[in-house]
Amino acid sequence: MYDICCVGHITLDKVVTPQAVKHMAGGTSFYFSNAIRNMDVNYTLVTSLALSEMPVVEKLRNKGIEVHATTGGETVYFENIYSVNQDHRTQRVLQKADPFTIEQLDEIQSNVYHLGPLLADDISVEFIKALALRGKLSLDAQGYLRKVEDKNVVAIDWPEKREALQHIHILKVNEHEMEVLTGITDIHEGAKVLNEWGVKEVVVTLGSMGSVIYNDGVYYQIPAYKPVEVVDATGCGDTYMAGYLYQRAKGKDFQEAGEFAAAMASFKIESSGPFTGTEEDVLELLAKHSLKPKA
């Protein structure tokens, strides 16, 4: 029995920032797995990719990450272009992968399954319903709000959202995704609507403005921890969720889990590629901020 299982495609990423152009592996599953690998948790990744990209999986395994990989079809290929403001990016998709099937998780038992679809057809509602019978589901909604038209990523609503979200225990969205799903710009009102649709824990990330967690009628305001330098925001949301789900699995409350997650994301944005730090690094950063006088 695992504490946390992540389900998502590993991608090929081309990341374009004002500083550089870099080619690397990516996707929710890649960033999440790297971020959580140094934590004290029983974790596994379920992914699929082209046979030609299996060296990426082997690198993850060499880091001590347990990976259940299915090969076949193509590997998702994303191009992420950032302006000076790292809160915003332009995306293109040059290749798509096959959708996940519930049979790929036949041998997996986990307390929490974190779903990281990258595109709207990665994970079906039928998959969600079947997996919800096995454990709590956590979902990053971003993939359901992306459609590929002529290789360009087009923002869409999720037609099956009301049917699917009643099976989701923890939902992560940013403020733009929350507005698309609910039609509401106010963070507190939007989070409340998502909760009314069935989500128990609503996590709304606000980039450099921090995040808000809503559960059982209570809003938790999570600060952002200012990084030393902003280099690359790719994977920050995935890193945040790795920290959050890890802390929740350890029994931490919403505020403590959110602050730990935010501190992990702050470390991540200081470099390209995944978070490479430890739990001690994160706790040290939190301790430094707790010692600072309030403004």
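**A strand tucked inside**

Let's start with strand 13, residues 201-205: five of its five residues are buried, so it's largely enclosed by the rest of the structure. Buried here means under 20% relative accessible area, using a 1.4 Å probe and protein chains only. And strands are DSSP runs of E, at least two residues, numbered from the N terminus, while helices are runs of H or I, at least four.

Quick caveat: this is a predicted model, where local features need pLDDT of at least 70, side-chain atom pairs count only at pLDDT 80 or more, and totals for chains, interfaces and linings use all residues. Residues are numbered from 1 along each chain as its sequence is written, and side-chain values use heavy atoms, with hydrogens and water left out.

Back to strand 13. Both faces are covered, with E201, V203 and T205 buried on one side and V202 and V204 buried on the other.

So who are the neighbours? Strands pair if DSSP finds at least two bridges between them. Strand 12, residues 170-174, runs parallel to strand 13, with five bridges joining them. Strand 14, residues 211-215, is antiparallel to strand 13, again through five bridges. Take T205: N174 stands opposite it, and its bridge partner in strand 14 is S211.

Note on methods. Buried means under 20% relative accessible area, exposed over 50%, partly exposed in between (1.4 Å probe, protein chains only).
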